[in-house]
Every structure is written in structure tokens, then in C-alpha cells.
Amino acid sequence: MKKILVTGGLGYIGSHTVVELQNSGYQVLIIDNLSNSSLDVLQGITNISKTAPSFERLDLRLKADVSDLFKRNQDIEGIIHFAASKAVGESVENPLLYYENNLNTLIYLLQECNAYGIKNFIFSSSCTVYGEPDTLPITENAPVKEATSPYGNTKQISEEILKDTCAVSSLKSIALRYFNPIGAHQTAEIGELPVGVPQNLVPFITQTAAGLRKELSVFGSDYPTEDGSCIRDYIHVVDLAKAHVIAMERLLKDQNETQFEVFNLGTGRGSSVLEVVNSFEKTTGQKLNYKIVDRRPGDVIAVYADTKKANEVLGWKTEKTMEDALESAWKWERKIRNI
Ligand code: NAD
Ligand code: WQD
């Protein structure tokens, strides 16, 4: 059994990926410092895949602890690096926290890859690197725009760090640029656990429907889109998780064409905020309180992926619909709120 290290494996996307890795026969070692997750997630993963992954509580900012981890686990064949801080607004207020947590941790991991000859590395990047795109859908060749937040900048710099490292070592890396992940596992054993008031659309919707929030604010109705609200490419987290398994297989089998590769992970379809709201109401039968308010500073008008490269080169495609995602998100919300 090939052993894969999953950093941030108790987090939202990491936990769903651990399930898919285990279902595909990999041995998983999760490390997480629980800064944005809970130990309960381990039980959720175990309930779904009937296998308990190994877990160590470890803070990747502590270089000596990272070195020690690799000294004790010399059979790691690949790494999927999810661990990072991800709140865009917080990164503007506290940039050093973000540069430390998102860049130092990557560097320490890559140093260990060099030390132990670990060749296979998958990185969680983001469509945020494209900024406001010039053309839609967005291909991987679209220019990387000047970052509008320290968070976004850490993703751009991380990709450069990976590219430069791959150029001078045996490291092979795939950066996966996620569009907007939503939804939860269909069993409702794992899902998204936002801390405090959710910044993202779907958790805000489900918390509003659950009665935790009075109403959803729809940020802007005067954008140059059909209904005036912003357009995003919402991808089911389980589809996203499966792409990581395929990407890891590609690296392990040396099928990668260049040592550093980038793939968009989205559905290829854009949906407006109001379409998501309508779809939620229709799918779940829940009436959603919402009001239109001013634009949120920093929001781009429309983003959705060109998925041709991921479809043809990775051989991956999404299987789930927006309705599947919203239904699973609602099922998860009801479970954690006991409703
Ligand atoms: P998440 O916060 O749910 O998961 C990240 C996990 O990493 C958490 O469990 C957290 O406790 C852990 N972690 C953070 N810093 C750590 C450290 N120093 N040491 C050990 N563990 C640490 O986030 P997520 O939504 O699952 O995102 C995973 C990755 O995907 C991140 O790199 C994020 O930037 C990226 N991404 C997320 C989205 C999104 O919308 N969720 C979109 C694009 C990219
Ligand atoms: C989606 C749409 C909002 C909340 C962020 C990060 C990005 C990436 C994914 C990590 C927008 C609207 C939202 C609300 C609303 N993360 N909205 N009311 O902004 O596309 O991307 O998460 O890499 O980097 O910036 O996602 O879910 O916040 O917003 O109207 O209460 O929903 O304006 O149009 P976003 P989001």
C-alpha cells in the first residue's frame, strides 16, 4: 500500500480527499494542527471508509517537528498539501500570519522532499490567481493577475516556489486550481465547518435556512451579468476530492508531461448568486430569506473554468450536479444542528 501524507487532512477538502484516497487503496497519514478543524472529523472519515487513517497533531510552522515527522515516516511516497489559512479578509488584516502559514509550511515540506527523495507533490491552489479574467471560460494559460490579497499572493508565490523547485530537483508537482468548492459527503459524516460567521456563499445559505442567520445578503445586483449578481463555478467537494486521487496516480506512474503541471478544477459552468439561491430553495424545499445589498469590495464579476485540460489530460470529469451539492450541504447542516 502506498503511503500518502495529507497535510490539513481534517479540513474541508482534505477530509473528503482522505476518504477517496482510502477508498482507492492508499494508506493515509494525516497531519493537522486543528487550527481550523476538529478531531471529530477523524471519526467521520472512519465511518465512511471503514478504515481509520493515521493521524498526528502537528503544526507545520514548526520546522523541527516537520523534520522529525519525515525522519519517522521514511516510507511516504506522495504528499497532498492542503494545510493553509484561507480567509481572504483575514489575510488583508494579518498578512504575516498568512505568509508564514502558507509559505513557510510549503518550504519546510519541500526541504524534506529533497532530503528524503520524495518526488510526488500535489498543491491546493486557487482560481483566485486569475483575478478578474480577460476571457471566459478560464484556461490554465490565462495570465496570473496581480494578487488582490495576501492570501491570493501566497497561492501565486507557492506555485512559483514549486515550479522553481521542480526545475532543479527530482520533485514532480501538480498545482490544482480549485474554483468554488461546495457541498458535503452524501453520508453527512463530513462537511464544511466554518468558524464564526461564514464568508462563503453556501455555508451562509445553509446557516440561514437553519435559522442561525437572519438573512443572506446577496452582494450586488448591478453587475454586468444576466441577473446582475456575480457568477462563479461551484464544484462539488467530492468531485474535487476525486481529482486529487487521479493527480496522485499520474505522478506516481510518471505520467506527467512536465515536472510542474497546473490544472483547473471546476465544472465549466458559471452560476449566479441568485441561481444558487433559487436552486437551493427548489432542491431542499426551504424558503430562504435574502436581501440584495451593495457589492462586496474585491469581488470579481464572473469566473468559471475551462476544464478541457483536466478532462482530457487528467481524464477527470465532474459527476455531481449543483443540486447534489446543495442537497448534501443542507443534509450536513441539519445533522450538525440536530434539525
Ligand atoms: P480548511 O481550513 O478546512 O482546511 C485546512 C486544514 O489545514 C485545517 O484542518 C487546518 O486546521 C489545517 N492547518 C492550517 N494550518 C496548519 C498548520 N500550520 N499545520 C498543520 N495544519 C494546518 O480549508 P479547505 O477549504 O479544506 O482548503 C484546503 C486548501 O485548499 C487550502 O490550501 C486552501 O487555501 C485551498 N483552497 C480552498 C478553497 C475553498 O474555497 N475552500 C478554494 C481554493 C483553494
Ligand atoms: C461567492 C459569491 C459573493 C457570501 C472565495 C475566495 C477564493 C476561493 C473561494 C480560496 C460571490 C457572493 C457570498 C454572501 C453573497 N477560496 N456572496 N453573500 O468570493 O468567489 O471566493 O472562496 O482560494 O479565493 O475569494 O466565494 O463563497 O465568498 O462568494 O452574495 O454572504 O457569493 O459576492 O459572488 P468567492 P464566496
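Me: Which residue in E2 is the bridge partner of isoleucine 4?
Reply: In this predicted model, isoleucine 4 has valine 28 as its bridge partner in E2.

Me: And how many bridges join E1 to strand E2?
Reply: There are 5 bridges between E1 and strand E2, which covers residues 27-32, and the two strands run parallel. Together with helix H1, made of residues 12-23, E1 and E2 form a right-handed β-α-β unit.

Me: Which residue in E4 does valine 6 stand opposite?
Reply: Valine 6 stands opposite isoleucine 80 in E4, a strand of residues 76-81 that runs parallel to E1 and is joined to E1 by 5 bridges.

Me: Changing topic, which residues come nearest to ligand 1?
Reply: Of the 27 residues around ligand 1, those that come nearest are Asp32, Asn36, Ser37, Asn101 and Tyr151. An N or O atom in the side chain of serine 37 is 2.7 Å from an oxygen atom of ligand 1, while a nitrogen atom of the ligand is 2.7 Å from an N or O atom in the side chain of asparagine 101.

Me: How much of ligand 1 does the protein bury?
Reply: Ligand 1 taken alone exposes 820 Å², and the protein buries 95% of that.

Me: Which element gives the largest share of the shell?
Reply: That is E5, with 3 residues, and the shell as a whole divides into 12 nonpolar, 11 polar and 4 charged residues.

Terms used. Residues are numbered from 1 along each chain as its sequence is written. Chains are lettered from A and ligands numbered from 1 in the order in which they are written. This is a predicted model: local features need pLDDT of at least 70, side-chain atom pairs count only at pLDDT 80 or more; totals for chains, interfaces and linings use all residues. Side-chain values use heavy atoms; hydrogens and water are left out. Two strands pair if DSSP finds at least two bridges between them. Helices (H or I, at least four residues) and strands (E, at least two) are DSSP runs, numbered from the N terminus. A crossover is right-handed if, with the strands pointing away from the viewer, the path from the first strand over the helix to the second runs clockwise. A residue is near a molecule or strand if one of its heavy atoms lies within 4 Å of it. A polar contact is a pair of N or O atoms within 3.5 Å; within protein, one must be able to donate a hydrogen and the other to accept it, and residues adjacent in sequence count only if both atoms are side-chain atoms. Accessible areas come from the Shrake-Rupley method with a 1.4 Å probe; for residues, only the protein chains shown count as cover. Ala, Val, Leu, Ile, Met, Phe, Trp, Tyr, Cys and Pro count as nonpolar, Asp, Glu, Lys and Arg as charged, and the others, Gly among them, as polar.
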